[in-house]
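Subject: A structure for you to look at

Hello,

Here is the structure I promised to pass on to you. Please open it next to this message, and then read on for what turned up in it.

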Amino acid sequence: MTHEVAVLGVGMHPWGKWGKNFVEYGLVAAEAALDDAGVAWQDIQYVAGADTIRNGYPGFIAGATFAQALGWSGTRVGSCYAACASGAHAINMARAQILAGFCDVALVVGADTTPKGFFAPVGGERRDDPDWLRFHLLGATNPTYFALYARRRMEAYGATPRDFALVKVKNSRHGLANPNARYRKEVTVDEVLASPVVADPLHLLEICATSDGAAALVLSSLEYARARGASQPVRVAAVSTVTPMFPNTVIEMPNFATDSGAVAAAPERTFRDSIAHAALEEAGVGPEDLDVAEVYDLSTSLELDWYENIGLCKEGEAERLINDGDTALGGRIPVNPSGGLACFGEAIPAQAIAQVCELTWQLRGQAAGRQVEGAQVGLSINQGLFGHGSSVIVKR
Amino acid sequence: MPGPTRAQRRYPGWVAQLKERVPAVEGWFTIGDAPALLGTRCTACGTYFFPREESFCRNPGCRGRQFDEVELSRRGRVWSFTDNRYQPPAPYVSPDPFVPYGIAAVELEREHMVVLGQLDAGVDTSALRAGQEVELVVGPLYEDDDHEYVVWKWRPLRPSGGEREVQQ
């Protein structure tokens, strides 16, 4: 029995700061995905919504919000929140419904409207919420954690600020031709390093912005796709939504401390390694089989971490990959041909879905101006706050 | 912001000294001569927790429900560090104007855990290295009319250097 589902349609609303309600973005993306699939809204049997927590009640029940906005059709719905991994978890909900035989065709939608500046915890005084307390007691912003990882690469592997800047330079070039990208301007190493330091060693141009945006997919069973004439659709071969293993000995946002490894032995793989491993194992491929990857470059140095987590290189070798151009378009394994978060900024519940949109365009040969030639297998990867793995593998 | 009280206007230095020094969060650390973080330890398996865990042991191989309060190691080694150059959003309470501060992730050997903390005021992060030994101190976080709220901070034992001991 196959565990694959077809990606029948993909659609996005361009990323930016548009100042509109998130539902409007979601509808634009959903209608684009439906049109791309050639499926009418009334034929959708299940809607999976990736929630946003900064847009009131409609954001907490995103599946129903989008279903109502598209016009109540009696479809079944589900909504889920998994922080930055919400999109992948919504994809997994829809996939499970299809594979279980509860439905043949499903719509997945994530959309966000974001505030300006640093992400702050949601309002109110909550002294039992680590996300509230880390701001209050430590002043630890998201870039604080990104910078701790970046400095660790410098201390452990001899990485340099220039190595990190090269990631931004590469991604800014990749995103130039992407009509959905918010930032379409090439930058140089000097420009990156001349931008203000936000949290040493990371500069302003190395930390992703927060954006408005939306992405949507129409997923279906392979039989449903075939019946509609899609004989060779892009297929979802794996979705990894794993949680960490105890003890998780890597410090993670928004925590104050790691688990203690005083009694239980550390697991075989770190959490981020295990996210990729679970996806690769499920898809039955190795890192060497990948043609393209979309990774969550919340910061420049985090992209380098992902190279190693996926297994594109050994630990401590990611700096060599970026310097050799291996992960640039035309290189051995292009990473973030879309331009990544560097060119998009983050629209939390939409981002993991957008990664799959990009991989689908790449595998269909429709990524004009940023095409990875002959791409057959693609992987997206990401991690959500509070232990949410997120990785999707698609095949052609 | 409320203005200064009449007593503060008359005797600013004297009133400042009278401000009560209180932890910015209750039960997370001690504020004596040798301050320490307060964690808990599962009485069944011995796993440490910080912040304190008091209901269910999180070791999946343990069903422990009882915990002892323990002082965590006062010294550890720097795993990584950074600084914050821009004012964070509330609920961080910032002085006006904002004052940048360092943050370190510190490995505690006995507990096998890494704990975050601000660096003590005046610590130059450019002189820090991974592997450097640091000690827990208590320092001001913010204040109001009556209280000085304090929090745990890390201070290098040898501010001017330290060995590079990096272990993966």
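Helix 10 of chain A and helix 11 of chain A cross in a right-handed way. Before going further, please keep in mind that this is a predicted model. The axes of helix 10 (residues 271-283) and helix 11 of chain A come within 8 Å, and the crossing angle is roughly 55°. That angle makes helix 10 of chain A oblique to helix 11 of chain A. On the helix 10 side, the contact is made by Arg272(A), Asp273(A) and Ala276(A), and on the helix 11 side by Asp305(A), Asn309(A) and Ile310(A). Sorted by class, this contact of helix 10 with helix 11 of chain A holds 3 charged, 2 nonpolar and 1 polar residues.

Helix 11 of chain A (residues 300-310) also meets helix 7 of chain A (residues 161-174): their axes come within 8 Å and cross at roughly 90°. Helix 7 of chain A is therefore roughly perpendicular to helix 11 of chain A. Helix 7 brings Phe164(A), Ala165(A), Val167(A) and Lys168(A) to the contact, while helix 11 brings Thr300(A), Ser301(A), Glu303(A) and Leu304(A). The contact of helix 7 with helix 11 of chain A is made up of 4 nonpolar, 2 polar and 2 charged residues.

**An enclosed strand in chain A**

Next, have a look at strand 2 of chain A. Residues 46-50 form this strand, and 5 of the 5 are buried, so the rest of the structure largely encloses it. Which residues cover which side? Tyr46(A), Ala48(A) and Ala50(A) are buried on one face of strand 2 of chain A, and Val47(A) and Gly49(A) are buried on the other.

Strand 2 of chain A has parallel partners. It is joined by 5 bridges to strand 3 of chain A (residues 76-80), and the two run parallel. In that pairing, Tyr46(A) stands opposite Arg76(A) of strand 3 of chain A. Another 5 bridges join strand 2 of chain A to strand 4 of chain A (residues 105-112), again in parallel. There, Gly49(A) has Val109(A) in strand 4 of chain A as its bridge partner.

In the loop between strand 2 and helix 2 (57-60) of chain A you will find Ile53(A). Is Ile53(A) buried, exposed or partly exposed? With 14 other C-beta atoms within 10 Å, Ile53(A) is partly exposed. Setting aside neighbours within four places in sequence, the residues in contact with Ile53(A) are Gly59(A), Phe60(A), Tyr81(A) and Val122(A). Ala85(A) is 32 residues from Ile53(A) along the chain, and their C-alpha atoms are separated by 13 Å.

**Chain B**

Chain B has 168 residues, and 35% of them count as buried. It contains 2 helices and 9 strands. What order do they come in? From the N terminus, the elements of chain B run α-α-β-β-β-β-β-β-β-β-β. Among contacts in chain B with a separation of 6 or more, 54% are between residues 24 or more positions apart.

One feature of chain B is an open sheet of 3 strands, ordered 3-2-4, with antiparallel pairing. Its edge strands are strand 3 and strand 4 (67-71) of chain B, each of which pairs on one side only. Strand 2 of chain B (residues 38-42) pairs with strand 3 of chain B over 2 bridges in the antiparallel sense. Thr40(B) stands opposite Phe49(B) of strand 3 of chain B.

**Where the chains meet**

How many residues does each chain give to the contact? Chain B gives 43 residues and chain A gives 34. On the chain B side, strand 3 (48-49), strand 5 (75-84), strand 6 (101-108) and strand 7 (113-119) each supply at least two residues. Strand 5 of chain B has the largest share of that side, with 6 residues. By class, the side of chain B that touches chain A has 26 nonpolar, 11 polar and 6 charged residues.

Helix 5 of chain A (residues 130-138) is mostly covered, with 7 of its 9 residues buried. Those buried residues are Trp132(A), Leu133(A), Arg134(A), Phe135(A), His136(A), Leu137(A) and Leu138(A). Their cover includes strand 6, strand 7 and strand 9 (147-156) of chain B.

Happy exploring, and best wishes

Definitions and conventions:
Residues are numbered from 1 along each chain as its sequence is written. Chains are lettered from A and ligands numbered from 1 in the order in which they are written. This is a predicted model: local features need pLDDT of at least 70, side-chain atom pairs count only at pLDDT 80 or more; totals for chains, interfaces and linings use all residues. Two residues are in contact if their C-beta atoms, placed from the backbone, lie within 7 Å. Helices (H or I, at least four residues) and strands (E, at least two) are DSSP runs, numbered from the N terminus. Ala, Val, Leu, Ile, Met, Phe, Trp, Tyr, Cys and Pro count as nonpolar, Asp, Glu, Lys and Arg as charged, and the others, Gly among them, as polar. Axes are lines fitted to C-alpha atoms, for helices over the stretch in contact, and angles run from 0 to 180 degrees between N-to-C directions. Angles under 35 degrees count as roughly parallel, over 145 as roughly antiparallel, 65 to 115 as roughly perpendicular and the rest as oblique. Two strands pair if DSSP finds at least two bridges between them. A residue is buried if 20 or more other C-beta atoms lie within 10 Å of its own, exposed if 12 or fewer, and partly exposed in between; C-beta atoms are placed from the backbone. A crossing is left-handed if the near helix is turned anticlockwise from the far one by less than a right angle, and right-handed if clockwise.
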